[in-house]
Amino acid sequence: MSNHSATGVVHGDNYLNHTPGIWSWLTTLDHKRIGVMYLFTVLSFFFVGGVFALLIRMSLFYSGHHFIDANTYNKFFTYHGAIMVFLVIIPAIPAALGNFLVPIMVGAKDVAFPRLNLFSYYIYCAGAIFATAALFMRGADTGWTFYTPYSIQTSTTVILVLTGAFIAGFSSILTGLNFIVTVHKLRAPGMSWSRLPLFIWAIYATSIIQVLATPVLAITLMLLILERVVGIGIFDPALGGDPILFQHFFWFYSHPAVYIMILPAMGIISEVIPVFSRKPIFGYKAIAYSSFGIALIAFIVWGHHMFVSGQSELANFVFSLITMFVAIPTGVKTFSWVWTMARGSIHFNAPMLYAFGFIELFTIGGLTGVFLATLAIDVHLTQTYFVVAHFHYVMVGGTLMGLLAGLHFWFPKMWGKMYDEKASVIASTLIILGFNVTFFPQFILGLQGMPRRYWDYLPEFQTLNQVSTVGSWLIGAGFLYTAWYLGKALMSGEKAPSNPWQSTTLEWQTSSPPPFENFLETPIVSHWAYEYLPEGGVPQNAPANPATA
Amino acid sequence: MSDSHGTHAMTSDDGGVVHHFAHHFATADDEFEAAKQGMWLFLVTEVLMFGGLFVAYGIFHGLYPAMFKECHEFLNVKLGATNTVVLITSSLTMALAVSATQRGKRQRAILLLTSTFMLACCFLVIKYFEWSHKFHEGLLPGKHFTNTEIHAKKADLFFSLYFVMTGLHGFHVIVGMCLIAWLIKRTVKKELGPQYYTPTELVGFYWHFVDLVWIYLFPLLYLVN
Amino acid sequence: MFFHEAYAGVLPIAATDAAVSWNALYDFLIWISIFFFVLVVGAMIYFAVKYRNRPGHKAVYETGSHLLEAIWIGVPTVLLLIIFGWGYHVYREMKQAPSDAYEIKVVGKQWLWTFLYDNGTTTVGELYVPVNKPVKLLMTSQDVLHGFFIPNFRVKQDVVPGMYSSVWFEATVPGKHQVFCTEYCGTSHSGMLAQVIALEDKDWNDWLRGKKIAIDKIPNANRDPNEVSAADTTTVSQAAATSAPVSLVDQGKVIYNKMACATCHSTDGATKAGPTFKGLFGSKVTLTDGTVVTADENYIRESIELPNAKIVKGYAPQMPTFKGLINENDMTAVISFIKAQK
């Protein structure tokens, strides 16, 4: 089947083979290639972070018996957290899928600042190298949250991890900056804001958070480095400083960060569900605005991580109240996604299966968030395994499911190949089932009082810990199998048509894989992104309907 | 200078400056507008970053007002005020340099950029004298604080904030100087002029921001009342 | 509410009135969560099946409904405000200590808890409190952040160096209640445990007057309510009166556990934050400065009272001092116990 698209591309020429050789990749300015490089690097760190997760759960199999000592365990949960948060979950969707898709979905040839884009990738790599270097030295055992004064006093190589996160933060800032200007200045003719796909709205809201929040992380980490090196005393009670101030600084970034993690995933779900329901997304405007609602509220709830820290009762009151409100836009999205399916025509391909998984897992994650937002309830549950379960449900059950949905949805587009559907059903079932087996027991452990970051625990918690560990093996198997069948598809998958899912958005109106310039002719947009009529979807760049032109 | 996207070339009427703008933009004007937006967004991130330090300052000032009052008397207001004048003047020369570049007055632009650079140097030299005086007096951050004249407790906190805030600002001045030197080189080589002055304009924004940060720092640190 | 009794195995017992209020709020949240989960995921599964793609079936075209949006914005808003309000109300009950609460000072340090009482007593690892009287804990840390958590009381608060934080409770269930450290604090964070010993009136007064209580006879408050054992029906003082004499080594073992020595010193040779006691007594010990000493009774005594006087090579100077926390009899018992670890 010829590599022929609506815009008449030369047979066989695409971004993958446009220029050959590894040097052309390492010096590329093509957003698609940069996205691919990010994807493989991020997935590599996901594997590393995942190995630490498996080791942690192994160590927790028995109460009283451990194959690693306490200091090693403490380092492992620090590495797992820091790697997953800073090197995987925050960059994954924006830097990998976002870089690949944003220009194409708005009808542009590239992002606003291609050289800055490549530079961002290398900044990410530099940050990753610093952080990883710590693993080969004395390591770090502070937890990914680096609370003072322990993080000032510990003799582990904390500064390397702090520096790594500091540097990687600039990658996040510049990526966000690039996307904002791209959406402002490079939309194709006719691509008004109300015709933008919801993935773009999501990335745009995420980019705003990245630009505004990450600099505060930069200054926080810098101050902590100075604490360790120079002893400036701002966070050290022994020198007159305030350890709770560190928590405020840290969470001022790190709470918005979790919305950097989830908003893009929600954007992907908003793309997948209409396509596989053959029906427009329900409540487009509300979903678009809800992304901004979430981004705004994200900045004023950080204190809900600190209800028992010693901050004032007034702060607790305010943060609890405002946190409740983040459930509203989140609910808007969730109800709209489910209602989109009603009276649709549902197809059970892998992207849709992951969307189902997302809705189940994220609903649990979100509802348990309400428990934690409730002041009295949080007093008992904070710092226990209930919190660990909550954030894994939203970060893995949310962001990672979204990433997997996106990887499968756009797989044919990015690689020009199709993957094995049957394998994807098995793997997704393993992952979603395994995830519930791993983390649902942790809610119960938390309710029973088992604290987090515990190398050892009381015997009465053993059974549920063992169930959880078995679940982690299921997840691991599911991911390994996914890597296997996707890898096989990359090598020898069936050739993909330009629009296998009959989707309406612009990336599907060019060849699979796309040509170097994305489109041979600039697309002219006349339709919104979800014109799924009963007789078929109308591409965004189809000629204008005379009645609505 | 080209990138693998290919570029559009634009020669100027005076046969001087040639600019290629990137292919993914429809017009050179779009590229210029995009570049300005990018720089504004970057400066917003800088505001947030310095903002964190200002918040820390505000909190400790609120907790220990008497200590802050006592400590600030050990700062040299004359030198600080001089530096303020120096930086404001450099902002003026920078703005004039941008204007000169836009109007094709190359020699003038080079002179003004050089003046900005020299004024920045002057700022750093004065800073050097201030800092070395503090080292001498034991007015050092955190656990290195050894001064015995100050009575207030936790005075080390004030000087921690002083050194971190002026240090980070000074770092930004040094980066600005490198950028201005780069502009001088490119203006000399006729790469910047009426047809293309984006880098000059953007560095101008950056420099005004650096000046603005100092305008907030100076009263907070030196004029505590 | 009947629901939480049905799953009594999940939640810890409610050993204060505040915990009972907590349970009621929790029940409400669980019901709401189950409702919304069933609504959302149930609808999702129902729609997926009912509207699955099949020959002859076509999707309809609809883009939204303002009415539906108003409902699913309005109803959750009201519910969330109710949840917030109820949550804040119970929180106030949990945080507002009565003015006549009996104050006990708590000091957390890596990796044990010390409790100081008005009458001058100090205990390690065991917090003695009266039942049915309000108790307020005034807490601080000597080093890094710690967290003081009593699941049965639904009480938790960070313990911060350089400042005091507080919690209060009125225990309604006598017996032992588990205490955990919940703010990560380094190597033995998971070993930094303690117990609240809630004593009834007579036992509490006895304890205040310095009478010794047999700790191992005090029942764990989390026991199954349907199971009645001999320990349940005796008061603590009866238990103390009827106990047979205990050997020095066994007494030492009790102190080894209750004063948190076990957190850092194993008896089976395993490496922990401190050297193992197995084979310690009588052995030659190399210190960080290279000198070699014999681990005799004086060495052990000095290590307990002045731990930084001699640091064993390969270990950090992080043992807290027990000077003033351990009396002569207990010191003798502990040394006997350590001697017995061959």
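**View 1. The salt bridge between C:R92 and A:E313.** With a relative accessibility of 28%, A:E313 counts as partly exposed, a class that lies between buried (under 20% relative accessible area) and exposed (over 50%), computed with a 1.4 Å probe on protein chains only. This is a predicted model, in which local features need pLDDT of at least 70 and side-chain atom pairs count only at pLDDT 80 or more, whereas totals for chains, interfaces and linings use all residues. Residues are numbered from 1 along each chain as its sequence is written, and side-chain values use heavy atoms, with hydrogens and water left out. The closest N and O atoms of C:R92 and A:E313 are 2.7 Å apart, a salt bridge being a side-chain nitrogen of Lys or Arg within 4 Å of a carboxyl oxygen of Asp or Glu. Because C:R92 lies in helix α3 of chain C and A:E313 in helix α11 (residues 313–325) of chain A, the pair joins two chains. C:R92, at 33% relative accessibility, is likewise partly exposed.

**View 2. The salt bridge between A:K279 and C:E62.** Here the closest N and O atoms are 3.3 Å apart, and the pair crosses from the loop between α9 and α10 of chain A to the loop between α2 and α3 of chain C.

**View 3. The salt bridge between C:K323 and C:E305.** The N to O distance is 3.9 Å, and the two residues, 18 apart, link distant parts of the chain. C:K323 is exposed at 57% relative accessible area, while C:E305 is partly exposed at 21%.

How values were computed: Chains lettered and ligands numbered in written order. Helix = DSSP H or I, 4+ residues; strand = E, 2+ residues; numbered from the N terminus.
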